[in-house]
Amino acid sequence: MQSKQLQLLTGPKAVAVIRKVDRSKVIDVIEALIKGGITGIEVTMDSDDALGVIGEAKEKFHGRAAVGAGTVLDEKTAEEAIRAGAEFIFAPTLDRETIKVTKQHGKISIPGVFTPTEMLQAYNWGADMVKVFPASVVGPQFVKDVRGPLGYIPIIVTGGINAANYKAFLQAGAVAVGVGGSLLNKDYIANGDFAKITALAKEYTG
Ligand SMILES: O=C[C@H](O)COP(=O)(O)O
């Protein structure tokens, strides 16, 4: 079960970070991303009706995408997101109880880290992968270097990822990149131009 979700999450090498997208358009946006080949869909918990979006997307895109929650800062929020249907829990921060609750429910745990010590701590606490955030601050060289001693810990990078730099992070050893702003073009969404969102997604998966 989890391996299918893991495959959907990281297989395409790019995960969409959906933060505060208009509630009336977000399901169409997710559909557009899936059409573009992105099947890991992270809905951040600071979005309007995040739990409702997770539940609706999980039902609608069942088997086609892994839908999870982002910006999950504590275990209570993790519980709520998992109850709503989240298959994975992303965070920008490292919190032991959040990892614990996520794993108790058999879901994928990806806390945020920024140092090798935090990476190891996260992994020892049961995280499946770590999210290096904000990744563009340290660049691909950071990923390459930490993978020397800590190469067994899978890394997803997010924060400042775009079509020009994502390949360098993958080449440095990241299992996937998380992409927000450069994928969820505000003008395209405002205009309902979902085909252009699909085209942006294809830049990462094509
Ligand atoms: O929480 C934000 C995510 O890391 C996405 O960041 P981004 O909008 O710079 O791609």
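A polar contact is a pair of N or O atoms within 3.5 Å. The legends below describe close-up views of a predicted model.

**View 1. Polar contacts between the ligand and the protein backbone.** In this predicted model, an oxygen atom of the ligand lies 2.8 Å from a polar backbone atom of G160. For G180, too, a polar backbone atom is found 2.8 Å from an oxygen atom of the ligand. The protein buries 78% of the 300 Å² that the ligand exposes when it is taken alone.

View 2. The space that the ligand takes is the largest pocket.

**View 3. The cis peptide bond between F133 and P134.** The peptide bond that joins F133 and P134 is cis, with an omega of about -5 degrees. P134 is located in the loop that runs between β7 (130-132) and α7 (135-138).

View 4. S47 is part of the loop between β2 (40-44) and α3 (50-60). The relative accessible area of S47 is 10%, so this residue is classed as buried; the cut-off for that class is under 20%. Its side chain reaches the backbone oxygen of I18 at a distance of 3.5 Å.

**View 5. K20 beside S47.** K20 and S47 are 27 residues apart along the chain, yet their C-alpha atoms are separated by 4.2 Å. K20 lies in the loop between β1 and α2, whereas S47 lies in the loop between β2 and α3. K20 is exposed, because its relative accessible area is 58% and the class begins over 50%. The backbone of K20 has a positive phi of about 55 degrees, although K20 is not a glycine.

View 6. K13 is found between α1 (2-10) and β1 (14-18), in the loop that links them. Its phi is positive, at about 75 degrees, although K13 is not a glycine. With a relative accessibility of 40%, K13 counts as partly exposed, since this value falls between the limits of 20% for buried and 50% for exposed.

**View 7. G36 and its separation from G112.** G36 occupies the loop between α2 (26-35) and β2. The relative accessibility of G36 is 3%, and this residue therefore counts as buried. From G36 to G112 there are 76 residues in sequence, and the distance in space is 26 Å, C-alpha to C-alpha.

Methods
Residues numbered from 1 in each chain as written. Predicted model: local features only at pLDDT ≥ 70, side-chain atom pairs only at ≥ 80, totals over all residues. Heavy atoms only, no water. Polar contact = N/O pair within 3.5 Å; in protein donor to acceptor, adjacent residues only side chain to side chain. Areas by Shrake-Rupley, 256 points an atom, 1.4 Å probe, with all protein chains shown as cover. 1 Å grid on protein atoms, 1.4 Å probe; cavity = no way out; pocket = protein on both sides within 12 Å on 5 of 7 lines; lining within 4 Å. Sits in = over half its atoms within 2 Å of the grid points. Helix = DSSP H or I, 4+ residues; strand = E, 2+ residues; numbered from the N terminus. Buried < 20%, exposed > 50% of the residue type's maximum accessible area, 1.4 Å probe, protein only.
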